[in-house]
Amino acid sequence: MMDSPLPSFALGRDPGSSFVDLLRRVAPHDLPGAGSRDAGTGSGVEVTHGTTVLAIRFGTGVIMAGDRRATSGYSIASRRIEKVFPADDLSGVAIAGAAGPAVEMVRLFQVQLEHYEKIEGEQLSLEGKANQLSQMVRANLGAAMQGFVVVPLFAGYDDRRARGRVFSFDVTGGKYEETDFQTNGSGGVHARNWIKAMWEEGMSRDAAIDLALRALFAAADEDSATGGPDLVRRIFPTVAVISAEGFHLVPDDDVATRAEALLGGREEGSGL
């Protein structure tokens, strides 16, 4: 059996280095949200939602973190969902909103960045990556109007500026750079208030990780859709560090040790 021929395009319609445009031309049904545009919330379908995520800039990079709970209506759909993903070696994405389309968007974004690098022979700038993600969020607007809202956070280390940067988006694809930190999801406002009270310019990596955990714990105290630390099941937030050394997930044992120490401080009245 012969292999399928590679697609060809008329002059002016070549998608070039954009994998999203290539997919839009040859397989539009595989784009994130394509299968959900005709199935709105009025159809009776329960949509799984990811809740609280955050990004905090520290002295030499960015911390991204998220709780592990996903909800469907008033029920807990998952206690161990992952909400923080690498975009490439120097950047990451944290998802909130409709979990299925959000994970699809992240996977497509990862492929898009890899595809661009292979075609162009160089990586996009961090600003360029944020612009690419903005276009994907905007392309999901039709599904968002049906209730499948996806609004990610994007952060990374900008090797051209030698510093971490944080970007947020709105449902229409609007892109906004945050100078210090940002939160998203149902518990985001509670997490943001905690970070706002304690964030400092040039803070250390360890201090930023502890602040991220404190903010998520505070959000869980106020928002039922945000999962707090589960000492019995050993479920703790996902935490990633992005710096000049790359994207690295903080090991679960390290997160557990920090979480238990912070919870112990709260019980003694000196911490959270």
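Is W199 buried or exposed? At 17% relative accessibility, W199 counts as buried (buried means under 20% relative accessible area with a 1.4 Å probe and protein chains only, exposed over 50%, and partly exposed in between). The model is predicted, so local features need pLDDT of at least 70 and side-chain atom pairs count only at pLDDT 80 or more, whereas totals for chains, interfaces and linings use all residues. Residues are numbered from 1 along each chain as its sequence is written, and side-chain values use heavy atoms, with hydrogens and water left out.

Rings of Phe, Tyr and Trp (its six-membered ring) pair if their centres lie within 6.5 Å; planes under 30 degrees apart count as stacked, over 60 as edge-to-face and the rest as tilted.

| Pair | Centre distance | Plane angle | Class |
|---|---|---|---|
| F154 and F167 | 6.1 Å | 35° | tilted |
| F181 and W199 | 6.3 Å | 55° | tilted |

F154 belongs to strand β9 (residues 153-158) and F167 to strand β10 (residues 163-169), so their pair ties together parts that are 13 residues apart in sequence. Helices (H or I, at least four residues) and strands (E, at least two) are DSSP runs, numbered from the N terminus.

F181 is buried, with a relative accessible area of 4%.
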